[in-house]
Amino acid sequence: MSVAKPLPHDAAHLHVTGAARYVDDIPTPANCLHLAFGLSEIAFGTITDMNLDDVRSAPGVVTVITADDMPFENDVSPSNHDEPLLTSGEVNYVGQPIFCVVATSHKAARKAARKSRITYDEKQAILSIEDALAADSRFEEGPRVYKKGDAASAIGSATHVIEGAIDIGGQEHFYLEGQAALAQPQENGDMVVMSSTQHPTEIQHKVAEALGVPMHAVRVETRRMGGGFGGKESQGNHLAVACALAARATGRTCKMRYDRDDDMVITGKRHDFRITYRAGFDDTGRIKGVEFVQYARCGWSQDLSIPVADRAMLHADNAYDLPAARIESHRLKTNTQSATAFRGFGGPQGMVGIERVMDHAAHVLDMDPVAIRQCNYYADAEDGGLSAPRKPAASPPEDILDPKKGEDLASRGAATEVRQKPGDSGAEGQTTPYGMAVTDFILGRMTGTLLKTSGYAARRDEIAAWNAENPVIRRGIAFSPVKFGISFTLTHLNQAGALVHVYQDGSIHLNHGGTEMGQGLFQKVAQVAAARFGVGLEAVRITATDTGKVPNTSATAASSGSDLNGMAVKAACDTIRDRMAAHLAERHQADPATVRFADGRVHVGEESYSFAEAAEYAYVGRVSLSATGYYRTPDLSWDRIRGAGRPFFYFAYGAAVTEVAVDTLTGENRILRADILHDAGASLNPALDIGQIEGGYVQGAGWLTTEELVWDDSGRLRTHAPSTYKIPACSDRPDVFNVALWEGENPAETIYRSKAVGEPPFMLGISAFLALSDAVAGCGTQYPALNAPATAEEVWRAIGRARGQVRS
Amino acid sequence: MTLSISLSVNGESLNVPLEDTRTTLLDLLREHIGLTGTKKGCDRGQCGACTVLLDGKRINACLTLAASVDGTDVTTIEGLAQGDTLHPVQAAFIEHDGFQCGYCTTGQIMSAVGLLSEGDAGADPERIREGMSGNICRCAAYPGITAAVLDAERRQSESEGTSV
Ligand code: FES
Ligand code: FES
């Protein structure tokens, strides 16, 4: 069997020799044209005059496209039709595309784009959370509220009450390969687009709308991305649509890639949040009730902000059984880049809220922060999570889906809602604040194991002793757990397709709807195919994601890539395998069920054939060797308006212990050691999963420590290059970094009982933030209320707060 | 007026006309010579994706003007393997899973080759991490990268030890 092996990436050899092609590496014809956007220079206002004469006459310029040159849809929004590709009237943020230059070289296009003379009627921009609240500038009619029990009275009657607030900054994706697309015009008005995207179907849909053609006239291909992290779920729409328009207008191949500065200025980032909280506890640390108000700064257009903010609400409990909870969420509209998907999709922000509450409560009660967490955990599933079969969803969502006309159904931004009848969530036992039963919890046992392997208790004592001796360099240690819900919360996106061909020589061609961005999805899915046919991996060739092969795909997002596509591929392979088995069984008058595919051979009774011979027999016997496969996640039913139901198929778990050192004079700090235990179910590929865990942790810790986005008072992003925006480097990773996989199967029926691993480890980085908080808290007697990112400056200010001083 | 430069790229002597004297070595490699293994991550010397060897020393090709490399010897990722035999650093990157999306990988490998030939990091992981810190990996495949460089260093010093 080829599943469950630590095999390297399928393209490993290509990557180390420089032969792996990304969009910008694809050979283009000599007359290929290059695009650049002209960008808005103000945050809010209307364009009163646009003089592009100098742009048009600049060297190398072939044509300039404005909103007036778009006869069909001028919209690149994945949700609310509120995001024109090019604006002609209202301007909503510094960096918004206004026109598009098409020129003979990338440089010529960029140079010309600076030559516009645009005058604006400038208005007062809404930039901050305060601005937006004051102006009631928001998406949706008002705040969304999810409730369990009566939180206010539970808090009112609690022995201890804490309240506070935390600011949580956003995050730039900085996928190392910037956004890029290439469009090649075809006969009959058709268009082929190569795009660095996590969502080829979305690109196809948007390009078709802009060209005024049916989706069948557009084919989108994605071989690989140089990183995505959510930043290529909707943010690539602009480039692909612009290239297609230019290719249509000029009849030539057109390419666009953002220069890094443009990429950072134009595209959306992780939502920054402010979370305020009030919580009541008893003397043992058991939480009685909690109230959160989450303010999300969504930027100027809706994009995916609604489901992001929903997911933040859905993770406000993290791993804790909250007897009463009230979560209020404000989705604020501001004149900044439209915040978008980023690994974790709001989950990390929601989780930071409750982890802050635990940290704060432990400080007030003078308890070990781990003990307070353990006493609030959901109860472990008795048998390692292999729980009793759950009730099927109360009503199949398909019956009550009511798509609105013309809606962007393939996007997470779609507003289609599943309306549930009140009171039919059907959950029993411990439930989340949104009424979903937690039946697969394992963090109790995982925590016990990790505390032991990391030597937590002894190190805590040792650090206390060190701190007693060393007032300048102080150390801190912290533990944090992760419980992350797996599935798209827009239920209908939880489907996938695959296409498999077996050729007469026994080689296998495999295609599916997922995209490869470094997470190793292609490798995992190829392992599944090889295992189903009992052949070696070299027999399987995975080809670029292609809307012409597998249609109507969902974004490769929500960590669901291998869960969904692995199952679809399995279904396709099994269809072909059954046909081959039936054919061979008939020849040998055997029972098809006894035909075995293993070790590159097919065994029928006493006989055995090589897989290639079996394929050839099937071909000559006129048996179809091509099949599609389809999968949809079972048991989901979610009403996002009421905040009730079962949005997730299962939960993925993880836990981390991080130790840091802080220079109390300057606030400078570093991570000394991290110990991680993570649950990937029965891992399909431990090497790839460990890579995801290490990478996720570092990226999560980066978000909460060094990665700071700064906008000035006029709404200009001042941190638009790696010189001012600090991404973790090789020297920033922990000196000691121990990562282990939890041994256990996914109780939910997933592909080979594995679990999704793309996003959950990101939130392990929260332990680094909490360790800094621990080190800082030791500097004084007050709770330091550290904000994120905990840059050296913020750590220094928090040290002041711990000592009762005000520092600014 | 078109300037033209002569240089050797991966052992091959080339004479390239430069229409724009401000062309960078990175654009020369990617757009004029067609060697796209060297990547453009930031185009401003801050990510390391464009690292190549210039007369054996690692440099950021995006910060180097093509006009200034006249008469030099440039090695890119495409010139590292000997036929089908991977350079030890390339092999180590596969063995230790030193990448995810692969976009930074060619720069990491060239930087590692440069670092090892500088010879001051030795087998100290701390100094290797420091020496590799000019190459950003957003996927944060740093543990694999460090392990690969350490391993390549070990193999290199072993083979040097035996050949002396
Ligand atoms: S592209 Fe040269 S350093 Fe980033
Ligand atoms: S492997 Fe993706 S940036 Fe390094």
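Modeller: Let us begin with a term: two strands pair if DSSP finds at least two bridges between them. Helices (H or I, at least four residues) and strands (E, at least two) are themselves DSSP runs, numbered from the N terminus. This is a predicted model, in which local features need pLDDT of at least 70 and side-chain atom pairs count only at pLDDT 80 or more, while totals for chains, interfaces and linings use all residues. Residues are numbered from 1 along each chain as its sequence is written, chains are lettered from A and ligands numbered from 1 in the order in which they are written, and side-chain values use heavy atoms, with hydrogens and water left out.

Colleague: In which sense do β3 and β4 of chain B pair?

Modeller: Strand β3(B), residues 51-54, and strand β4(B), residues 57-60, run antiparallel over four bridges. Within this pairing, Val52(B) lies opposite Ile59(B). The two strands form a hairpin with two residues between them, and Asp55(B) in the turn has a positive phi of about 50°.

Colleague: What is the phi of His81(A)?

Modeller: The phi of His81(A) is near 55°, a positive value in a residue other than glycine. His81(A) sits in the loop between β3 (61-65) and β4 (90-91) of chain A.

Colleague: Turning to the two chains, how many residues does each give to the contact?

Modeller: Chain A gives 54 residues and chain B gives 44 residues, where contact means heavy atoms within 4.5 Å. Together the chains bury about 4000 Å², with 55% of it on carbon and sulfur atoms. Val16(A), Leu176(A) and Cys730(A) supply 19% of the area that chain A buries against chain B, more than any other three residues. Buried area here is the accessible area (1.4 Å probe) that two parts lose on being put together, summed over both.

Colleague: And how many salt bridges are there between chain A and chain B?

Modeller: There are eight salt bridges between chain A and chain B, each a side-chain nitrogen of Lys or Arg within 4 Å of a carboxyl oxygen of Asp or Glu. One of them joins Lys107(A) and Asp27(B), at 3.6 Å from N to O. Over all chains, the whole structure has 63 salt bridges.

Colleague: Why can such side chains pair?

Modeller: Side chains of opposite charge can pair when their charged atoms come close.

Colleague: Where does α18 of chain A belong in the fold?

Modeller: Helix α18(A) lies in a right-handed β-α-β unit with β28(A) and β29(A). Right-handed means that, with the strands pointing away from the viewer, the path from the first strand over the helix to the second runs clockwise. Strands β28(A), residues 669-678, and β29(A), residues 736-741, pair in the parallel sense over six bridges. Ala674(A) has Phe737(A) in β29(A) as its bridge partner.

Colleague: Which residues does the cis peptide bond join?

Modeller: The cis bond joins Ala788(A) and Pro789(A), with omega about 0°. Pro789(A) is in the loop between α19 (766-777) and α20 (792-802) of chain A.
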